[in-house]
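Q: Could we work through this structure together? I would like to begin with how its parts are named.

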Amino acid sequence: MNVKKSVILAFLVAVGILLQLLESFVGIFMIVPGYKIGLANIAGLFALYIYDEKSLAYVSLLRIFLSSLMQGTLFSVSFYLSLSGGILACIAMIIAYRSKVFSIYGVSILGACFHNIGQVIAITWIYQQYFMQLFLPILLALSIVSGILIAVVCKKVLSRIHGGFYGAPVRCS
């Protein structure tokens, strides 16, 4: 990995941490407890489309570890929920990206859906409370909205970087 790529990935991790911390201050009161839009996933999706699959995993997982460390929740239940969701989301996004079937929207929606699936699996396993699985349909519906929002923002940033200021925006497929 060259120096330029390392610096950009470090900035993406920092942006992801900042977005995650900012989102933790804003409470969204929903039917589902603990639901968040997942703005920090913009950094991971951006790393995937600007570099590669390893960069996605690097940015996403390092962001989870460092933001948990900064919030004082490292190795707590919320850390394990975030980690399990992040790992499953990375796997789903990498498979979808490699398949070349999904657009940036599909990759983002699958990442959001599998993030929630990973969290529900983790909460069920940690607490042995199977009623949490009842929230999964609502979470998956909300994941579609979150995934589209994340993809729109990421696609806009990618198009600006690849010539959107001075030329025609580049299509992010």
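A: Helices here are DSSP runs of H or I with at least four residues, and they are numbered from the N terminus. Please also note that the model is predicted.

Q: Thanks. Where does Q128 sit, then?
A: Q128 is in the loop between α5 and α6, the latter spanning residues 136–164.

Q: Is Q128 buried, exposed or partly exposed?
A: Q128 counts as partly exposed, because its relative accessibility is 44% and that class runs between 20% and 50%.

Q: What about the phi of Q128?
A: Phi of Q128 is near 55°, which is a positive value in a residue other than glycine. Most residues other than glycine have a negative phi.

Q: Okay, new topic: helix α2. How many of its residues are buried?
A: Helix α2 covers residues 41–50, and eight of its 10 residues are buried, so the helix is mostly covered. The buried residues are I42, A43, G44, L45, F46, A47, L48 and Y49.

Q: At what angle does α2 cross α1?
A: Two packed helices are described by the angle between their axes and the distance between the axes. For α1 (residues 3–25) and α2, the axes come within 7 Å and cross at roughly 155°. The two helices are therefore roughly antiparallel to each other, since an angle over 145 degrees is counted that way. The crossing of α1 past α2 is right-handed.

Q: Which residues meet there, between α1 and α2?
A: From α1, L9, L12 and G16 meet A43, F46 and A47 of α2. By class, the residues of this contact are five nonpolar, one polar and no charged.

Q: And how do α2 and α3 pack?
A: Helix α3 spans residues 53–71, and α2 packs with it at an angle of about 160°, with the axes 7 Å apart. These helices are therefore roughly antiparallel to each other. Here too the crossing is right-handed, with α2 passing α3.

Q: Which residues of α2 and α3 meet?
A: On the α2 side they are N41, A43, G44, L45, A47 and L48, and on the α3 side E53, S55, L56, V59, S60 and R63. This contact of α2 with α3 has six nonpolar, four polar and two charged residues.

Q: What does T124 touch?
A: Leaving aside residues up to four places away in sequence, T124 touches Q129, Y130 and Q133.

Definitions and conventions:
Residues are numbered from 1 along each chain as its sequence is written. This is a predicted model: local features need pLDDT of at least 70, side-chain atom pairs count only at pLDDT 80 or more; totals for chains, interfaces and linings use all residues. Side-chain values use heavy atoms; hydrogens and water are left out. Buried means under 20% relative accessible area, exposed over 50%, partly exposed in between (1.4 Å probe, protein chains only). Contact means heavy atoms within 4.5 Å. Axes are lines fitted to C-alpha atoms, for helices over the stretch in contact, and angles run from 0 to 180 degrees between N-to-C directions. Angles under 35 degrees count as roughly parallel, over 145 as roughly antiparallel, 65 to 115 as roughly perpendicular and the rest as oblique. A crossing is left-handed if the near helix is turned anticlockwise from the far one by less than a right angle, and right-handed if clockwise. Ala, Val, Leu, Ile, Met, Phe, Trp, Tyr, Cys and Pro count as nonpolar, Asp, Glu, Lys and Arg as charged, and the others, Gly among them, as polar.
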